[in-house]
Number of protein chains: 2
Amino acid sequence: MLLSIGIYAQEHVDFGKKKEVISPEINPDKTVTFRLEAKEAKSVTVQGDCVPEGGALTKNEDGVWTFTTQPLAPELYSYSFNVDGIKALDPNNAFVTRDVATIVNIFLVGGGIADLYKVTDVPHGTVTKRWYESPTLQKTKRLTIYTPPGYEKSKDKYPVLYLMHGAGGDEEAWMELGRTSQILDNLIAQGKAKPMLVVMTNGNAGQTAAPGESSEGFVKPIFIRPEMFSGMTEKAFGDVISFIESEYRVKKEKASRAIAGLSMGGMHTIVISANFPNTFDYIGVFSSAMLQDKNSTVDFYQNMNQKLKVQKDNGFKLYWIGIGKDDFLYKKCVEFRSDLDTVNLKYIYKETNGGHTWSNWRVYLTEFVPMLFK
Amino acid sequence: MLLSIGIYAQEHVDFGKKKEVISPEINPDKTVTFRLEAKEAKSVTVQGDCVPEGGALTKNEDGVWTFTTQPLAPELYSYSFNVDGIKALDPNNAFVTRDVATIVNIFLVGGGIADLYKVTDVPHGTVTKRWYESPTLQKTKRLTIYTPPGYEKSKDKYPVLYLMHGAGGDEEAWMELGRTSQILDNLIAQGKAKPMLVVMTNGNAGQTAAPGESSEGFVKPIFIRPEMFSGMTEKAFGDVISFIESEYRVKKEKASRAIAGLSMGGMHTIVISANFPNTFDYIGVFSSAMLQDKNSTVDFYQNMNQKLKVQKDNGFKLYWIGIGKDDFLYKKCVEFRSDLDTVNLKYIYKETNGGHTWSNWRVYLTEFVPMLFK
């Protein structure tokens, strides 16, 4: 054994040669303790969905700052520190996620629904990053595809859920922030969901892949892209379905296709399923609304009530809507439900606490998926 | 458009409502400017392989700290800031990578070899995260598999490169830090490499998957695992080959199998290829050495010179060794080469500047891969 200090310096890796600081620590009573060594700092705070009001850490004699939360409900939480006005990640937590352009630390408080977000010792599906041609967009685009446990060995054909991200997101979002593969693995293992493929598209028509994963290079992700209301994602959606149905062992009829999305992806879901009104038997609209102007010049956005009427007349098995009471799109969702009522399109409506958050979208996924393909 | 400020608060996303700070900025002369807004800070420095001596930022009247490097050679670089003694990521750079337990920002200076590390508009391979059974380890373990462009449509059988990480790494390392899929896509598109599968294993015998990706949960990654010299990764390697050769359309003879690894993975490469002495025609040993004691009680580590002799007598096409002049394992590599000389096993030896770094391992991959399966 000849591991010298040299390797640490060369690799810029911190190993904590001193007494190790543990952070975050999830305590038996489900409180969580954050710690940060910062001898010279004047103030350290923690921000995140685990501390809605923020938390001020206090310093002990060793220069380690500490804050303990109230007992936390089961959830995947995110946070960051602020040291004398500067955002800092927790150097003792190696786990981060990117939400649009922001990197935050994450941790998971188990129990209840959050156990569905854990990697557990159940059979695991396969997760694939693959590129496909979109003739409509004249682009080669990247997809994330979840195939369920047993897919490779089976000769069966499987149903497909198409799952779409919101503004600022990409084909990574449902996996990284939505815990899709964990939720599917766990629901399938528990017999609560049918084995299915989940196809996570990149819903930004002007973008080929997630920031950093395309020839645009390491370009800072932005929230509102100029093509957001071009209708091109919706028009090009047939390219995705054609690719999946030619390349994977899947069932190719309406009863075996579901589509769902959050926020902008909810708009995509509404518009795609109404413009291809005999394609999906299962529709999931998470925290969304018809954002675009009803006088839009984009044909896919025009005459939506008439299109919804056709979709309703064609029949479907499930139209599911979920939104949080505090969502900034709440009023738009009320208006959209009123549109659906006008054409007598029956939907299941789930109203939760909270706002426009991944916390809600993960819950909606866990409720929507068990209703599919039954 | 009704996007209110509410969504920002709910999602903890920073959008920079003020004048945007751009950092890092890669200037036309290949210097790189770092910027950080920190009005109250007393000192801001930048650390990383782009600034070997570190850099001290200076504050302007707006409270924005700035530092510009010397012109940088083409490379994928990493860095972080230190603000009044506290490590901070660059809030204007959404791109990070994890090296063992440390999160750092990254950026790429193009040109030369670094153009191989970029995502370019060439056909892309598919990257799959998949689980397999290892009867030897009695574990279900996770792999990363790169299949080359055209694999899915082709009826051809492909050769396979098995590629192994170092201590502290896992099945994500060669993708995230090694830029394997970008290097393969680019070399294949340029006609410099044969289309091949690259199988990136988890070489920690006691671990099923990368930290955060197994039922161990979000456990802090460690550098030296207790089972490092158990020989179990080497003994169980046949399980990986069996899985790949039964599940993928690959060629199953010695001439179509390559194995390579860095540091601990270089040891795995040496030991596996010598203990299965008629399995691989191409062997790549990056920054490695025979770390274990020659008096080891582990049978796979015993009688290595005799095993290397058998491997040599069986014949092979390429034994390639690369190491940096400043590598802390340099002396061990000299000893290992002397062992090879003793049994008259001919190898290609590449000595580079620098130490035990991903910068070197990416270079070694770009040199090794074009020599395979020719």
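Through which surface do the copies meet, given the interface residues of chain B and chain A? In this predicted model, 100% of the interface residues of chain B are interface residues in chain A as well, so the copies meet through the same surface. Chain B is superposed on chain A by a rotation of 180 degrees with 0.0 Å of shift along the axis, at an RMSD of 0.0 Å. Such a relation is that of a two-fold axis.

The contact between the chains involves 66 residues of chain B and 66 residues of chain A. On the side of chain B that touches chain A, the elements giving two or more residues are helix α1 (6–11) and the strands β3 (44–48), β7 (75–83), β8 (86–88), β9 (96–99), β10 (102–109) and β11 (126–134) of chain B. Among these elements, β11(B) gives the most, with 6 residues. The class composition of this side of chain B is 30 nonpolar, 20 polar and 16 charged residues.

Strand pairing also links the two chains. Strand β10 of chain A, residues 126–134, pairs with β11(B) in the antiparallel sense, and 3 bridges are found between them. Within this pairing, A:K129 has B:V127 of β11(B) as its bridge partner. In general, the strands of a sheet pair through backbone hydrogen bonds, in either a parallel or an antiparallel arrangement.

The domain organisation was examined in chain A. The domain assignment gives domain 1 as residues 16–110 and domain 2 as residues 117–371 of chain A. The C-alpha centres of these two domains of chain A are 33 Å apart. Contact between them is made by 9 residues of domain 1 and 10 residues of domain 2 of chain A. On the side of domain 1 that touches domain 2, β6 (75–83) and β8 (96–99) of chain A are the elements that give two or more residues. That side of domain 1 of chain A comprises 4 nonpolar, 2 polar and 3 charged residues.

Within chain B, an open sheet is formed by 4 strands in the order β1-β2-β6-β5, with antiparallel pairing. Its edge strands are β1 (25–26) and β5 (58–59) of chain B, each of which pairs on one side only. The bridge partner of B:K59 in β6(B) is B:W65.

Helix packing was described for each chain in turn. In chain A, helix α6 (residues 264–275) packs against helix α7 (residues 304–314) at an angle of about 65 degrees, and their axes are 8 Å apart. The crossing of α6(A) past α7(A) is left-handed. Residues A:S273, A:A274 and A:N275 of α6(A) make this contact with A:M304, A:K307, A:L308 and A:Q311 of α7(A). By class, the residues of the contact are 3 nonpolar, 3 polar and 1 charged.

In chain B, the axes of helix α6 (residues 264–275) and helix α7 (residues 304–314) come within 8 Å and cross at roughly 65 degrees. The crossing of α6(B) and α7(B) is left-handed. The contact is formed by B:S273, B:A274 and B:N275 from α6(B), together with B:M304, B:K307, B:L308 and B:Q311 from α7(B). Its class composition is 3 nonpolar, 3 polar and 1 charged residues.

Local backbone geometry was considered last. Most residues other than glycine have a negative phi, and most peptide bonds are trans. In chain A, the peptide bond from A:S23 to A:P24 is cis, with omega near -10 degrees. Residue A:P24 is placed in the loop between α1 (5–11) and β1 (25–26) of chain A. In chain B, B:S23 and B:P24 are joined by a cis peptide bond with omega of about -10 degrees. Residue B:P24 lies in the loop between α1 and β1 of chain B. A positive phi, near 70 degrees, is found at A:K30, a residue other than glycine. Residue A:K30 is located in the loop between β1 and β2 (32–37) of chain A.

Definitions and conventions: Residues are numbered from 1 along each chain as its sequence is written. Chains are lettered from A and ligands numbered from 1 in the order in which they are written. This is a predicted model: local features need pLDDT of at least 70, side-chain atom pairs count only at pLDDT 80 or more; totals for chains, interfaces and linings use all residues. Copies are superposed by least squares on the C-alpha atoms of residues with pLDDT of at least 70 in both. Two residues are in contact if their C-beta atoms, placed from the backbone, lie within 7 Å. Domain bounds come from an automatic or database domain assignment. Ala, Val, Leu, Ile, Met, Phe, Trp, Tyr, Cys and Pro count as nonpolar, Asp, Glu, Lys and Arg as charged, and the others, Gly among them, as polar. Two strands pair if DSSP finds at least two bridges between them. Axes are lines fitted to C-alpha atoms, for helices over the stretch in contact, and angles run from 0 to 180 degrees between N-to-C directions. A crossing is left-handed if the near helix is turned anticlockwise from the far one by less than a right angle, and right-handed if clockwise.
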